Amino acid sequence: MRAMVLEKLGPIESKPLQLQYIDTHRIKKNNDLLIKIEACGVCRSQLHGIEGDWKKYGIPPALPTIPGHEIVGTVAEIGPNVKNYHVGQRVGISPLHGSCLNCDYCSMGREHLCDHAEITGETMLGGYAEYITVTEDFVTPIPDSMKSEYAAPLFCAGITAYKAVKASEPKTNKSVGIFGVGGVGHLTVEFAKLQGMRVIGIARNKTHLDVAKRVGADNVIQYTENSDFLSSLIKEEGLLDSAIVFAPSGKIVDLAINSVKKGGTIVLGVLAEIPNFDIFSEKTLRGTLIGSRTDMREVIKLAEQNDMKIIYKSFPLEKANSVLEDLKYSRIEARAVLTP
C-alpha cells in the first residue's frame, strides 16, 4: 500500500514525510477490521509530532511511523469473530485506537483516559495511508448521508470541540470565547451554538474570523500583539462566562484566563505553558482530551441531525508535506483532508 512515512523528525519545510510502498496491513486479531481509507483529516498535533515539538512528551514514541488520526473508510475485510460490522460498511476511527477495557477509567466509560490507551498515528500506525486495521470495538459507523471527506474531521477536531464545549459547562445565553478559531475552533463555535451559548470567536487571522462568522459566531474579535484585546472585549461583550483555548501559546492562555469572570471556567484543548493563576478569583482551569466512544457516536449524531457545516478542502495523500506546511503558516481556512 501507499503511505506517507516519517523516518526522521524535522521541519515540515524539509519534507520529512516520504511516499513509500509498504506491506498492506493484515488482520491479526479475531475481532479486527481491515479498513480501506477514503479520507484522513490533517491535524496540527501531527505537525508538532513531525517537527519534534512534542518529543519531550514522548510523541512520536518510535520511528518510523505513519501519522494521521481522523480516519474514515470502508471495511474491506473482517476477522472471524466480528459481530457488528460487515464488508462494505463505512466507519470512522478517532485518535483512540484501543484501550484495555478493564481498568477503572474504561469501566466508567472514560476509556480515552486509560493508561494503556493506543493512539492512532502515534503508538499505532496512522491514516496517511491506504489501509489500516482496528478492532470493531473502536470504530464508529458513518451515515450514508455523510461524505467521507466531510466526516473525517469529526473524528478528532469534532470530538475535541464537542468535549471542550461540554467541559465549559454550557448554558443557554452563557458567553464563551473561542481562542483560536481554526480546524477545531470552527466546530467548537457550532457545538456551543447548539447549546444556545453566545459565542465570541477570537483569532489573529482575519480568514479564521470570517470562518467563525460563517458557522454562526455571534461576534468576532481579532487579536494582535499590539492591540489592547482585553479592553476591546470588555467594551463589546464584558467579561466572559467561559473560555476555550486552542491557540498553543502561554500568552493566549493568560489572556483567556483574564477574559473570564470570577468563578468562570477556562478549558484548555492544547498543550501550552500555564502562567500564574490567581486562586482568589475562584476560576476553574480545566484540560480536555478527545473523548470516549460514546462521545464519538454523539458527535456523529449531532452533525447529522443539525447538518453542521464542516469547512474543509481535500488534497491527494502525497501532498501531506505541503498541506502541513500550509497549516503551519495559517494558510488552511479550517480543515484539510487527505485522500489516498
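Beyond its neighbours within four places in sequence, Asn219 is in contact (heavy atoms within 4.5 Å) with Arg198, Val199, Ile200, Gly201, Glu236 and Glu237. The model is predicted: local features need pLDDT of at least 70 and side-chain atom pairs pLDDT 80 or more, while totals for chains, interfaces and linings use all residues. Residues are numbered from 1 along each chain as its sequence is written, and side-chain values use heavy atoms, without hydrogens and water.

The side chain of Asn219 also makes a polar contact with that of Glu236, at 2.9 Å; such a contact is a pair of N or O atoms within 3.5 Å, within protein one able to donate a hydrogen and the other to accept it, and residues adjacent in sequence count only if both atoms are side-chain atoms.

Helix H4 (residues 157-167) has ten of its eleven residues buried. Helices are DSSP runs of H or I of at least four residues, numbered from the N terminus. Buried means under 20% relative accessible area, exposed over 50% and partly exposed in between, with a 1.4 Å probe and protein chains only. Helix H5 (185-194) is among the elements that cover the buried residues of H4.

The structure holds four aromatic pairs, defined by Phe, Tyr or Trp (six-membered) ring centres within 6.5 Å, with planes under 30 degrees apart stacked, over 60 edge-to-face and the rest tilted. Two of them are tabulated.

| Pair | Centre distance | Plane angle | Class |
|---|---|---|---|
| Trp54 and Tyr57 | 6.5 Å | 80° | edge-to-face |
| Tyr162 and Phe191 | 5.7 Å | 70° | edge-to-face |

Tyr162 lies in H4 and Phe191 in H5, so this pair ties together parts 29 residues apart in sequence.

Notes
Helices (H or I, at least four residues) and strands (E, at least two) are DSSP runs, numbered from the N terminus.
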